[in-house]
Amino acid sequence: MNFAKVTLRVAIALVLLLAVLIVALWLKPPDLLRVGANYSAKMVCSNVFLAGRDPEEVLRTDVQAPGVALLRLMRVSVDRERRVVRAGLLGFIGDGLALARPGTGCAAIPDGNLEYAAHVRSGTAALAATLTPAATVTPAATVTPAAIPDAAWPEGNAVATDAALDRLLADDALAGPGMRGIVVVNHGRVVAERYSKGFSAATPLLGWSMTKSVVAGLIGVLIKEGRLTLDQPAGWPADSGGRERIRIADLLAMSSGLRFNEAYGAVSDVTRMLYLQPDTAGFAREQPLLHPVGEVWNYSSGSANILSRIAQDTATQLGSQVAAEKLFKPLAMTTAIIETDEDGTLVGSSYMYATARDWAKYGQFLLQGGVWRGQEMLPRGYVAMMATPVAASGGEYGHGLVWLWGSDSLTPGKNPDAAFGIPADTFWMEGHDGQIAAIIPSRELVIVRLGLTPSRDHFQIQPLVKAILDATK
C-alpha cells in the first residue's frame, strides 16, 4: 500500500476522531470542563462589572496566568448590554455563564437559566415578575468610593502616608509577586499604601476566603441584636442524621462534622458548590455528617455559606442588603459587596469585593473589638471569642472564621509567626492566592495585602509584617 495514502487515511481518521470528541464534549461537557468554564465566566464578570477592568486582560492575568492548563484554553465573550458573560473551552465547550445583577454583583449560572437568574430576589429562589428582564436592566451604580474631600480615612478618603513606610512597601520582595494593593493602618489612620500598575485605591479587589471573617461579623451583629445565639441549632430538622445537633458556634469554628472536601484544582465539594450548584448553601447543608459535631476541625467553605443563609433568613432581607445594612453602611465601606449565587444567597465563603482601604476598615473594626465610632456593634467579647483557638485545629484557627497563624507555614504544625517575633495576639483574615490581613491589637496595627499570588510562589507575609512592626515602634 502506498505510504502517502496510509498517512492520509490516518490523518483523516484522526481529524474525524477529534471532530467526534469535540462534538461529544460540546453536547455533554464533563464536570471538570464545566467548573473551568463557569469559573472563567464568573471571574471575568465580576472584574468587568464591579472593578471596571478589561475582560481580555482579566482572562489573561486572573484566569489563565496562574498556570492551570485547562484554563489556558478558555475564551470569553461579554455582552455589556445584557450584563452576561459566556466562557468555554475554545470558546464554546463547557457552557460557562455568569450574570451581573444590580446591587448583588455577579453570579455563576451553572444551570444556564438566565431568565430565572435575572428575576431572583432572595435565597428562597422565588421569581419576582416585577423585576426588569436581564436584557434591559439598569447598570449598577459605580463602585468608586464617594469622596469626602475634607474627611480623613476612615470617614472619608483623605490619607497622609509616611514616606519611609511607603518606601518600605516599595520593596518587591516584601510585597510579594502579584501584589495589587497594600494598606497599613497604625493607631486608626492609614500610614502607608501601595498599588500595582492598573490598580488604585478605588479598585475593588476580591478577598476570597477573607470574606468568611466578614460573615462572622455579620453573625455577630445579629447576635448583638438578639436575633441569634451562638448555641442555637443551625436549622436542620429532627432526624437529620445527627446534623440537628449542629450549632451556629460549630459552624463558626469549622467543627460542624459535615463532610466537605476543600481541595482545589479538580471537581471537589468546594468547586462543585461554587461553579456547578445554583444554591451554594443548600448544597453545603445536604452534606452528610462525617464526624461527631464539635469534635473535629475541618476547614469548609460550605460552613460559611450555611451561615450566610442563616443570616439572610434571620434578618429577612435580600442577601446583599443584609451585609450592606448591618455592616458596610455603618462602617462607611462604600465599595464593599458580597456577591450572591444564582439563587440569591450570599457567597460568604468567597466573593466579597472591596477596595484595600475598605478591607482595612473591616480589619480596624475587628481590632477595636467590634466598636465603631463609639457604637458597640458586636457583643462584648465577641471578637476575643473569634480569635480564641479551636483546640482541634492545633491552635491554628479561631472560633470565629479567622486564622491565628499567618499563611504558608513552611513547617506543617508549627506556627510560622513565632520566628518573626509577631505578637501573640495577632490574628488573620486569609484568602486564596495571597489575600491577607493581619490584625495586631497590642500594636493597634492593621496590614492588608491583596493580589494574585498562587501558592506555588511560596509567598510568606511575615517578613512584611515584621518590617512594618519594626518601622512603627
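I sorted the lining of the largest pocket by residue class: 20 nonpolar, 15 polar and seven charged. I keep in mind that this is a predicted model.

Next I looked up the volume. The largest pocket holds about 1,200 Å³ of space. I counted 42 lining residues, and those closest to the pocket centre are Y264, G431, H432, D433 and S455.

Which element gives the most to the lining? I found that α2 does, with four residues. I then listed the elements that each supply at least two lining residues: α2 (31-49), α9 (269-276), β12 (427-431) and β13 (435-440).

Two of those names took me to a sheet. I traced five strands in an open sheet, ordered β6-β5-β14-β13-β12, with antiparallel pairing.

Strand β5 (residues 179-186) runs antiparallel to β6, and six bridges join the two. I picked I182 and looked for its bridge partner in β6, which is R194.

Last entry: what packs on this sheet? I noted helix α15 (residues 462-471), which touches β5, β12, β13 and β14 (445-451). The direction of α15 makes about 145° with that of β14. I marked β12 and β13 for both topics: they supply lining residues of the largest pocket, and α15 touches them.

Note on methods:
Residues are numbered from 1 along each chain as its sequence is written. This is a predicted model: local features need pLDDT of at least 70, side-chain atom pairs count only at pLDDT 80 or more; totals for chains, interfaces and linings use all residues. Side-chain values use heavy atoms; hydrogens and water are left out. On a 1 Å grid over the protein atoms alone, a cavity is a set of points where a 1.4 Å probe fits but cannot get out, and a pocket is an open set with protein on both sides within 12 Å along at least five of seven lines; lining residues have an atom within 4 Å of a point. Grid points are joined across faces, edges and corners, and a volume is the space filled by probe spheres set on the points. Ala, Val, Leu, Ile, Met, Phe, Trp, Tyr, Cys and Pro count as nonpolar, Asp, Glu, Lys and Arg as charged, and the others, Gly among them, as polar. Two strands pair if DSSP finds at least two bridges between them. Contact means heavy atoms within 4.5 Å. Axes are lines fitted to C-alpha atoms, for helices over the stretch in contact, and angles run from 0 to 180 degrees between N-to-C directions.
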